[in-house]
Amino acid sequence: MLRLTKISLAHRTVVLLLSLLTIALGVYAAGALKQELIPSIDLPRGSVLTIYPGAAPDVVEAQISKPIETAVKTVTGVTSVTSKSSSGVSQVTATWDYGLVADDMANKIRSAIDSISATLPANVDPNVITGGTDDIPVIVLAIYSNDDLTTLSNKVTDIVAPALKSTPGVRDAAVSGQQKHEIVITYNQSRIKEYGVDPTLIGQFFAANSTAIPSGTVRTDTANFDVQTGTTFSSADDISTLMLQGTDGPVLLSDVATVKEQPVETTSISRVNGQTALASTVTKSPDANTVTVSHLIDKQLEGLRSQLGNGAEFAVVFDQAPYIEDSIRDLSVEGAIGLAMAILVILLFLGSIRPTLITAISIPLSLLIALIGLYVGGYTLNILTLGALTVAIGRVVDDSIVVIENIKRHQGYGEFGRKSITNAVREVAGAVTSSTLTTVAVFLPIGLVGGQAGAI
């Protein structure tokens, strides 16, 4: 500390230039730092979700859960595996130690499941799901209008969801609560026997007659037309005209079954101000700025409202941006109060403008250096780093007051110039360093803790 003091006194112009450079870089870093509510952390767990329609829990356990559980246990890094089997659904959960990349672990688990795919029932597709703090929605919107739910669902799916997904920094914009329809085919057993239709082959007829294959492009003088071979079903009437093979020749599906389109059973309901609404959950990409993404979405809402029409409205159910901005604003206010109080205390007790100005410059300069460190280290502004900056401001204030007061005391003895500064710094260097290291010693063990607390 004494050596740094001597160097600074001997090269005051260089120190001034470095200070100006620090201010410029600090201001840039403050604007470039990503702003988040909490740090980006991968949770050390993943789930393998498998749907097996119509299967009883014991069948799901025997044919799906146990084989997948055995395969996942062999993955390097996995510490524990649990499973839950219910009617038609298998969920196998794997955990691993912090520090392992979730995407890498997910790929290893998928490879392990692929190696036993031949032993699993046909037509089941295990889905590996991992998550982290980046999966927390940036913003959740509720959308309602005077349209009926089916019309609103179509508008939101066709207009709102694509617009939100195309927003820079948005990874996904999921829509929930929309009205979905399904085709229900009810066989008439007597008709099936009468026409000699094998019901086990009907699924194959669907697959063979509902496939459209791209077949090139036809170019004319005025336009280009995409050509496809085959057809796809677009309505219940299309499906009812499907030709099946009977004993005496082709048979229409409508002759042996009833084909009907009906709404899918609703499992969740969303309402805003008493009106049925849809929900849109927006998540960001890992490298995006939460506050920036939130503001970009907010700017689009007015235009989307006009496109939906018929009294459409957006209600913000959850938004991370205000919490983050409030935290940064609180830090700015607390920092300004701390700076003002430090300046006032020094001015009252020392009765001198010059040392007061030194403190007024050193505190914000130290804060800018910390912001540069966050930027270089790839950290974000979140509730933890903001809290750390608040603690650091207090530490700088304490050290500044101790050093400046001792310099003032030496000047009261008749010492002036460099001698008073170097002697004063020599006397308190040990005390200032010890008090600072004490603060470090208090917080350092937290960084050595394992598990979730250690990762945070």
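**Pockets, salt bridges and a surface patch**

The second largest pocket has a volume of about 370 Å³ in this predicted model. Its lining comprises 16 residues, and those nearest the centre are Leu331, Ser332, Leu367, Leu368 and Leu371. At least two lining residues come from each of three helices, namely H11, H12 (353-377) and H13 (383-412). Helix H11 provides the largest share, with 6 residues. By residue type, the lining of the second largest pocket consists of 14 nonpolar and 2 polar residues, with no charged ones.

Helix H11, which spans residues 320-350, also contains leucine 348. This leucine 348 counts as exposed because its relative accessibility is 62%, the cut-off for exposed being over 50%. Leu348 belongs to a nonpolar surface patch of about 700 Å², together with Val333, Ile337, Met341, Leu344, Val345 and Phe349.

One cavity of 30 Å³ or more was counted. The largest cavity holds about 100 Å³ of space. Its lining is made up of Glu36, Leu37, Ile38, Pro39, Ser40, Thr133, Asp134, Ile136, Val138, Lys284, Thr290 and Gln320. Of the residues lining the largest cavity, 5 are nonpolar, 4 polar and 3 charged.

Side chains of opposite charge can pair when their charged atoms come close. The model has 6 salt bridges. In one of them, the side chains of glutamate 36 and lysine 284 meet at 3.3 Å, N to O. Glutamate 36 is in the loop between H2 and E1, and lysine 284 is in strand E15 (residues 278-284), so this pair ties together parts 248 residues apart in sequence. Glutamate 36 and lysine 284 are both buried. The loop between helix H2 (12-32) and strand E1 (42-51) also holds lysine 34, which counts as partly exposed at 22% relative accessibility.

Another salt bridge joins the side chains of aspartate 147 and lysine 155 at 2.9 Å, N to O. Aspartate 147 is buried, its relative accessible area being 18%, whereas lysine 155 counts as partly exposed at 23% relative accessibility.

Technical notes
Residues are numbered from 1 along each chain as its sequence is written. This is a predicted model: local features need pLDDT of at least 70, side-chain atom pairs count only at pLDDT 80 or more; totals for chains, interfaces and linings use all residues. Side-chain values use heavy atoms; hydrogens and water are left out. Patches are made of residues with over 30% relative accessible area and no salt bridge: like charges are joined within 9 Å, nonpolar side chains (Val, Leu, Ile, Met, Phe, Trp, Tyr) within 5 Å. Accessible areas come from the Shrake-Rupley method with a 1.4 Å probe; for residues, only the protein chains shown count as cover. A salt bridge is a side-chain nitrogen of Lys or Arg within 4 Å of a carboxyl oxygen of Asp or Glu. Helices (H or I, at least four residues) and strands (E, at least two) are DSSP runs, numbered from the N terminus. Buried means under 20% relative accessible area, exposed over 50%, partly exposed in between (1.4 Å probe, protein chains only). On a 1 Å grid over the protein atoms alone, a cavity is a set of points where a 1.4 Å probe fits but cannot get out, and a pocket is an open set with protein on both sides within 12 Å along at least five of seven lines; lining residues have an atom within 4 Å of a point. Grid points are joined across faces, edges and corners, and a volume is the space filled by probe spheres set on the points. Ala, Val, Leu, Ile, Met, Phe, Trp, Tyr, Cys and Pro count as nonpolar, Asp, Glu, Lys and Arg as charged, and the others, Gly among them, as polar.
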